[in-house]
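User: Can you walk me through a few residues in this one? I have the model open and will ask as I go.
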Amino acid sequence: MLLGYGAWPAIAVGAFLANITTHGTLATCAGIATGNTLEALAGAWLVRRFAHGRDAFFTGLDAFLFTALAGVAATTISATLGVLSVTLAGDSSWARFGSIWFTWWLGDMGGSFVVAPLILLWSGGPPAAWTRARVVEAVCVFAVLLATGQSIFGWIAPVGREPVELKFLCIPILTWIAYRFDPRTTATAVLVLAAIAVSGTLRAALASRPGELNESLMLLQVYLAVSAMSTLVLAAAVHERSRVERALRATSAELREALAEVEAFSHAVSHDLRTPMATVYNYALILQEDHGDRLGSDALHHLRRIQASVTSAAKLLDELVKFVWAGEIRVPKRMLEMTQLAREACAEVIVDNQDGGSVRFEVLELPPAPGNPQMLGRVLHNLLTNAVKFTRGRESRHVVISGRVEERENVYSVTDNGVGFDPALGDDVFKPFQRRMPVSSFAGAGLGLAIAAKIVRRHGGRVGAESDGSSGARFWFTLPHGRDR
């Protein structure tokens, strides 16, 4: 994992020398070394392929995959080849193949669970700086771990024969370390517990029951494997959560900074840019009024074009400011009578548009909904203004406002018999500056529907639009109905 696949000769030589200098023939030791080497290569490949390699202990899923792939699966290779080598050489009988294989596999699995995580985590650079309080907490919790280990396993001085259940008193301590500290500290605690448990078990078994040593060590390996896997996965999950929380805090800070910049920009748009625009408009008006008799028709036409352009730019600025602040609900939500709100919006649209009186508005009974009256009134106003604009040219202009109650939300619709829009546009009509028709056909800033959509989404709703392209359009939005089902 650290040096790459090219380190396999060192693993093979090391495993061979470790066995040839203790017991075994050349063939047996070569078979054992082959198993050790293939186990290391397979474990490293599996972890790199499926558990993000050296970063395996920084997410809960990757830590679990490491224990499953490197600790459980890959270790079967060494156990199988090693026991085969010993059995074929005549150093053991086939009747003992299963028990020896299980012991061999547990030993290698213990190394993958206890030793490998510690090496991988502590080889990743210097540890993060701790505060004095964190250092004191770490010293205290490791002291408790050492004391508990002595009372259970007797690693310093012998203790009486304890019930098996007492061994699990160390689990809460490991859980605390995993929850409060980083994966490095957790892996260190697991190694400390393993050292305590193995030394204490050896002391007790050799002193009073040497015939039970192998059985005691096998049970201990199972205990350490379960403890290590649970603790390391928990520590990785906590680390992952902490990293996500830090990212969220950083993102929130960036968003606050961006909102402050948007607020400053909107103030500049609504105040600073209006002054030069007003100056241009006023000077054009002065020229027209004071010197109009000395100007030709072309010059007067140009002055009127200047005034019209400035007026259009001012309206665009107004819409931009509204879009920036759309959905900023500064008044608490309350249950609204949407029928009355729709009627008020119709009255406003009739007053605001010169031809609004020629449109027949039909307001059906609408279900109430919680929301901000000013914001939702703006939604209805913009949808109705849109309907009035795109019904121009029709002999009979008709707009219907309807609503219905669904399981989780109310649906409100504004349907007109205007020119409609290209069905391919779909919900794109709610994007800023997205126009249903050419600018020359229907004037507008292209922000009315975008403002409405933004307000609805701030209220937890959705928006949509439907049209066949020629015989009108239907714009709808939803709002949570504000009551439990």
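User: Which strand is Thr 478 in?
Analyst: Thr 478 is in strand β7, residues 473-480. The model is predicted.

User: Is Thr 478 buried or exposed?
Analyst: Buried: the relative accessible area of Thr 478 is 1%, which is under the 20% cut-off.

User: What does its side chain reach, then?
Analyst: The side chain of Thr 478 comes to 2.8 Å from the backbone nitrogen of Arg 462. There is also a polar contact of 3.3 Å between the side chains of Thr 478 and Glu 409.

User: What else does Thr 478 touch, not counting residues up to four places away in sequence?
Analyst: Its contacts include Asn 410, Val 411, Val 456 and Gly 461.

User: Switching to Asp 416. Where is that?
Analyst: Asp 416 belongs to strand β5, residues 409-416. Asp 416 is buried, at 5% relative accessible area.

User: Which backbone nitrogen lies 2.9 Å from a polar atom of that side chain?
Analyst: That of Gly 418. Leaving aside neighbours within four places in sequence, Asp 416 has contacts that include Thr 391, His 398 and Ser 471.

User: And the largest nonpolar core, how many residues?
Analyst: The largest nonpolar core has 40 residues, and Met 338, Leu 384, Phe 475 and Phe 477 have the most contacts inside it. Among the elements that each supply at least two of its residues are α12, β5 and β7.

User: Which element gives the largest share?
Analyst: α13, with eight residues of this core. Another core, of 29 residues, lies apart from it and includes Phe 142 and Met 218.

Terms used. Residues are numbered from 1 along each chain as its sequence is written. This is a predicted model: local features need pLDDT of at least 70, side-chain atom pairs count only at pLDDT 80 or more; totals for chains, interfaces and linings use all residues. Side-chain values use heavy atoms; hydrogens and water are left out. Helices (H or I, at least four residues) and strands (E, at least two) are DSSP runs, numbered from the N terminus. Buried means under 20% relative accessible area, exposed over 50%, partly exposed in between (1.4 Å probe, protein chains only). A polar contact is a pair of N or O atoms within 3.5 Å; within protein, one must be able to donate a hydrogen and the other to accept it, and residues adjacent in sequence count only if both atoms are side-chain atoms. Contact means heavy atoms within 4.5 Å. A nonpolar core is a set of buried Ala, Val, Leu, Ile, Met, Phe, Trp, Tyr and Cys residues joined through side-chain atoms within 4.5 Å.
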